[in-house]
Amino acid sequence: MSTMEPAIVAPEKLAVIPAARWWRGLPTAAAGLVVAVLVAAVAPGHGYTLNIIMQAATYAIGVAGLVVVLGYCGQISLAQAGFLGIGAYVQAILTVHAGVPFLIGTVAAVIVCGIFGLLLGFASLRLGGHYLAMVTISFQVILTLVMTNWIGLTGGPDGVSGIPRPAGLEDGHAYLGLCLVLLVGAVLFTWRLKLSRLGRAMQAVRDNEIAAGTCGIDVFQIKVVAFGISAMLGGLGGALFAGAFSYVSPDQFTFDESIVMLTMALLGGVQSPFGALLGTFTLVILPEWLRFLREAYLAIYGAAVILIMIFLPEGLWGWAAKRLYRRAPVVEGSLPPLPLLSQTAGLAGENALEVDGLAKHFGGLKALDGISFNVRRGSVHALIGPNGSGKTTFLNVISGLYRATSGAVRLANVPMGTLPPHQRTKRGMTRTYQNIRVFRGLTVLENVMIGAERPGNDVRDPAAVVSRALSALDFVGLRHDASLPVGSLPYGHQRYVEIARALAGSPDLLLLDEPAAGLNSTEKQELSELLRRLKGHGLTILVIEHDMKLIEAVADHITVLNFGRCIADGTPREVLSHPEVIAAYLGEPVPA
Amino acid sequence: MNFAQGQFSMLGAYILLVLFVGVGLPYWAAFLASIILMAGFGVLFAGAVYWPLRNRGQLTVIISTIGASILLPNAVLALYGPSPATVPTLFDNPGFMAGSVFVDTQYLSIIAFTILMVILQYLIFEKTMLGKKLQATSQDKEMAAMLGIPVAIMVLITFAYSAALGALAGVLVAPVLFVSVGMGATIALKAFAANIIGGFGSIPGAILGGIIIGLAETLGATYLSTPYKDAYGFIILLLVLLVRPQGLFGELIAEKA
């Protein structure tokens, strides 16, 4: 490993990129605190209005948790009211029955919720979509049953009353001030989280789990963490809720309330904590104005959920933010060169990749049937073969997406065994996909930053990551598109974003799965140029491709697959004149 | 996946109630009419809740049907009030004694209808071209469209069929459970749980899942603790999901890279 700090663009130039600004959010935080204190001072110190604001403030902290798990990480949770309930009950039981101080009760509530959140997160190991929704509903229903029936602990349907407020903050103004300050803290935390490495990883998991895995992200761990953070925010909201109303009961934290919280998040905009804030205050205060609808308010929430999903998928805040969005300016000036040869290069033998008797069977189908070949360090190695010959399966086995039936894969002499994709990426291989897998909810730059954040890469701090990502984008010629949403680029350019993402991780071995698929002839020419430049830098590349012109232009070595078997292996000249290869492509019988 | 499926049963039962008790139609006519009306409602439902979101990912549709599952019972609640109503049984004879066990006619007719519907469903889905087209649509809409299957019509048929089936379940259990706005949620969550335990798309799995949940709740309530009756089914569901997420009879479908 090199101990030298990687070269980066001057920090003052990088400051136009939000994620590279350490002080980002400080002015907003200060403004938020001032508003919190003002509202607390101006609001009435007791009575109905105070209760409404208090309810909105404590709920909004929980709804910010939904932003993390649903908005950032794309995992549905229909148990957020349950987490508020756990937090509120922990606070109530500890302060009332055990005489614990409020602050310690709050910390305990957050910790207990975090533990339950992690447990629920573990359920997301192999489950997504409606299965996960069902798990969270079950969790919510069981929680409500426990709150109602475990009378010894929870007081049953009567709940717990007489919950104290912290010493010195018993007054309505003071306690509301505490709630609002913590709300500001929760909102800012959630907002900063989105721009952090962890937040980017969550969004990558949301947008494309498979690509997230091969970018080195431990998908399962990220989901569990998202559930944990979400539950902790729920617990904080619940703990404050208990102090606000000095009384908790099971009917405050039912499945219906979870739906109400979901509606709040969706209405405001589930991509931003500001949306959560807006949605929560709207839905707490609005029904008070529309009292005549009280009978039907849940029906209206239900209808609102459907209408929001159809007409306002980004929520109120998302809708407004899109119209106010200013594109970050282009970073000017020269960029440090992209370090294409990673730190480990040249240390571990002459082969970057060794494949030994690799087989993959799907039931009776032998997609790969004992493949062996080596990829020499510094070479461009092409893997070709007719459709259905097992090329993409091979790449998926190498990168850990499929488990091999038998055989061995060694990356720089290190056996890969049954390592999952993110562990293989950590050890130095990155890849692209035949059907482009970019993270659609993120900008071009953020996509490539996720590549630069590959575990095992030499860049760590945000400025260096941004700088490395910009260098990678510069290399593929997309530097000026850095702040655009990736989905707004044409198809060919999205492919370059994917290549830049793989390059930003400074891999030992780059795997390209049909990079020319879907490109027009000009774009193919550019791609060929790009691959030649990569080759010039000495990067080891294993490329699957159909386009023979491209292969002939860049490949040092060709391996040919047919029906899951290796039928030829050698230099382009040898392989392309091999009779069995010609037969496989042209369908002629092999001459005896 | 439709989280409002149980609400179809609730609506079916309410339509039966309105037509039979309110309008005064003969029982069999109200019975048939509620199923036919619900098939029509299924088409409306598909058009409002599913169709506008069909290209926007699974999560969006899930959330939208959850919205519908909140809207429907609460709309009925606002219109009809919270008090549960009773509906007469299909047959006048309440039941008979088989040895020392009393056999309720309504339960017998539920079982008979279930067997009938399972056979009918098997015949439709496995033996007819329509069934094949429906299955093709559910597995891969794009491919189905390319093969000339009218995907929109198939989706509407699916929703109409499932709404009608839901309504049938609703009118059958109505005399047993009472008709209330909450019945949909109970039916939906349990049916859904049974489906997951058995494995999505497997009819024997769904039946076995239902039996497992019923047994777990009854045995749990008898031997462990009665107030937690509703929890046992869910606990079994959580265990099944953690150990064998594809369900007992389901096949694991991996995403293709």
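## Helix α14 of chain A

Helix α14 of chain A (residues 297–311) has 15 residues and should span 21 Å at 1.5 Å a residue; its end C-alpha atoms are 20 Å apart, which agrees. The expected span is 1.5 Å times one less than the number of residues. Helices (H or I, at least four residues) and strands (E, at least two) are DSSP runs, numbered from the N terminus.

The buried residues of α14(A) are A:Ala299, A:Ile300, A:Tyr301, A:Gly302, A:Val305, A:Ile306, A:Ile308 and A:Met309. Buried means that 20 or more other C-beta atoms, placed from the backbone, lie within 10 Å of the residue's own. These residues pack against α12 (255–268) and α15 (315–324) of chain A, and also against α2 (27–50) and α3 of chain B.

## Model and numbering

This is a predicted model, in which local features need pLDDT of at least 70 and side-chain atom pairs count only at pLDDT 80 or more, while totals for chains, interfaces and linings use all residues. Residues are numbered from 1 along each chain as its sequence is written, and chains are lettered from A and ligands numbered from 1 in the order in which they are written.

## Chain A overall

Chain A has 24 helices and twelve strands. Of its 592 residues, 53% count as buried. Along the principal axes, the C-alpha atoms of chain A fill a box of roughly 95 × 55 × 45 Å.

Among contacts in chain A with a separation of 6 or more, 77% are between residues 24 or more positions apart. Two residues are in contact if their C-beta atoms, placed from the backbone, lie within 7 Å.

## Interface between chains A and B

In chain B, 34 residues are in contact with 34 residues of chain A. On the chain B side, the elements that give two or more residues are α3 (58–80), α8 (183–198) and α10 (229–243). The largest share, 14 residues, comes from α3(B).

This side of chain B divides into 27 nonpolar, five polar and two charged residues. Ala, Val, Leu, Ile, Met, Phe, Trp, Tyr, Cys and Pro count as nonpolar, Asp, Glu, Lys and Arg as charged, and the others, Gly among them, as polar.

## Domains of chain B

The domain assignment of chain B gives domain 1 (5–181) and domain 2 (182–257); such bounds come from an automatic or database assignment. Their contact takes 17 residues from domain 1 and nine residues from domain 2.

On the domain 1 side, two or more residues come from each of α1 (5–23), α3, α4 (105–127) and α7 (151–177) of chain B. α1(B) gives the most, with six residues. By class, the domain 1 side has ten nonpolar, seven polar and no charged residues.

Technical notes. Buried ≥ 20, exposed ≤ 12 C-beta atoms within 10 Å, placed from the backbone.
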